[in-house]
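Please read it with the structure in view.

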Amino acid sequence: MSAELATPAAEEKKEFWRWQENTWFDESKNWRDAKIITCGIDVGSVSSQAVICCDGELFGYNSMRTGNNSPDSAKNALQGILDKTGMKLEDIHYTVGTGYGRVNVPFANKAVTEIACHARGANYMGGSKVRTILDMGGQDCKAIHCDERGKVTNFLMNDKCAAGTGRGMEVIADLMQIPIANLGPRSFDVETEPEAVSSICVVFAKSEALALLKAGYTKNMVIAAYCQAMAERVVSLLERIGVEEGFFITGGIAKNPGVVKRIERLLGIQAVETKIDSQIAGALGASLFAYTLMQKQAKAA
Amino acid sequence: MIANNGYKDGSGEFYISIDTDKCIDCSADRACLTACPKGMFEIITDDYDDEVACVKKSFTRSLAFDCSECKPSGGYTTLPCTSACTPGAIKHSW
């Protein structure tokens, strides 16, 4: 009897943490008209992106989950956009790899750190007024200061602890059995804003969330408490380097309004908005670095 | 550029900050490389093609333990790395 009950439940197991992979390219442009085609590949701990720029302008991108093999993840990410556009690898003049798997991009001409690439990408996406960048990645978090050209002037990274990263949000999505894209909007559906759960450890936050559910908190209240904890955590990182107007958020968590709005509330400033997918900032920056390097080579020749 | 190498966890904030603008034309002849008893510093070419000092990646997640010998509890009154860096590029957050 118990086996009969257990089987259907096991089959219905859903991956609530799974976020939307996507591909886009500018159909109004013809890449064959471009003089310089550059590519940026960001192999992150959770997601991989390939961005193609034509003459220093965004042309298309593909964003997907990173597998267990960095070279394959890089190839798959690029293949996704090449297939859509009808482009071939040989058509790309220069490729820059970034992210934690940057040294494992087999077709990259150069590797640049994700810190420099995110600053460059944010400068393109948010404009030259962007000065403070928060990159909330899958398994790390970076606070970056840059100048009007997108050159890094100050940065810090936290890659030792999962608090304040996308992984923490995935854990809560699975715990609550709510799709990760719904967490942000649902965190506002509360009568009173609850106290934040632990902001120093994802494991402790998960234990605390379970205790709150047992104490009678609704799922929405627990999500709100977790979003607040995540916001407090990253704000403490930002305050270490100082926050200036022109605040921009990159990475997957930038798509979670529950965290973004709470960060804005704590800092007292609005984040610069963009229509471009926040997850591609690193790969976009890498592609722009590639364009600059190509221009330098052309001048030298 | 100020590069903060280190981490924040439940026990506190542990960052070694290096002001690379002061580090590029080092007037101390890269003394940090030999001053650190654990050899935690190395010279790298950064993303902007400048040769600067950096904390080795293998130490960035364990600074609280690795630097403990050079703190007052280890008998030091000043940190060997910050003393050796006469341009004042190196700072500890704790």
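**Notes on the predicted model**

1. The structure is a predicted model. For chain A, the domain assignment gives two entries: domain 1, made of residues 22-126 together with 278-300, and domain 2, covering residues 154-267. To the contact between them, domain 1 of chain A contributes 12 residues and domain 2 of chain A contributes 10 residues. The C-alpha centres of these two domains of chain A are separated by 29 Å.

2. Helix α4 of chain A, which runs over residues 166-176, deserves attention as a mostly covered element: of its 11 residues, eight are buried. Those buried residues are A:G166, A:G168, A:M169, A:E170, A:V171, A:I172, A:A173 and A:M176. Buried is used here for a relative accessible area under 20%.

3. Which elements of chain A cover the buried residues of α4(A)? The cover includes the strand β4 (57-65) and the helices α5 (180-187), α6 (202-214), α7 (219-241) and α8 (257-267), each of chain A. Directly after α4(A) comes A:Q177, which has a positive phi, near 55 degrees.

4. Turning to chain B, this chain contains four helices and five strands. Their order along the sequence is β-β-α-α-β-β-α-α-β. The radius of gyration of chain B is 13 Å, close to the 12 Å that the globule rule gives for 94 residues, so chain B is as compact as a globular protein of that length. The C-alpha trace of chain B spans about 35 × 25 × 20 Å along its principal axes.

5. Of the 94 residues in chain B, 48% are buried. Considering contacts in chain B between residues at least 6 apart in sequence, 50% join residues at least 24 apart.

6. The accessible surface of chain B amounts to about 4,600 Å², and carbon and sulfur atoms account for 52% of this surface.

7. B:K91 belongs to strand β5 of chain B, residues 90-92. Between B:K91 and B:I18 there are 73 residues of sequence separation, yet their C-alpha atoms are 6.6 Å apart. With neighbours within four places in sequence set aside, the residues in contact with B:K91 are B:Y15, B:I16, B:S17 and B:T82.

Key. Residues numbered from 1 in each chain as written. Chains lettered and ligands numbered in written order. Predicted model: local features only at pLDDT ≥ 70, side-chain atom pairs only at ≥ 80, totals over all residues. Heavy atoms only, no water. Helix = DSSP H or I, 4+ residues; strand = E, 2+ residues; numbered from the N terminus. Rg over C-alpha atoms; globule rule 2.2 N^0.38 Å. Buried < 20%, exposed > 50% of the residue type's maximum accessible area, 1.4 Å probe, protein only. Contact = heavy atoms within 4.5 Å. Areas by Shrake-Rupley, 256 points an atom, 1.4 Å probe, with all protein chains shown as cover. Domains from an automatic or database assignment.
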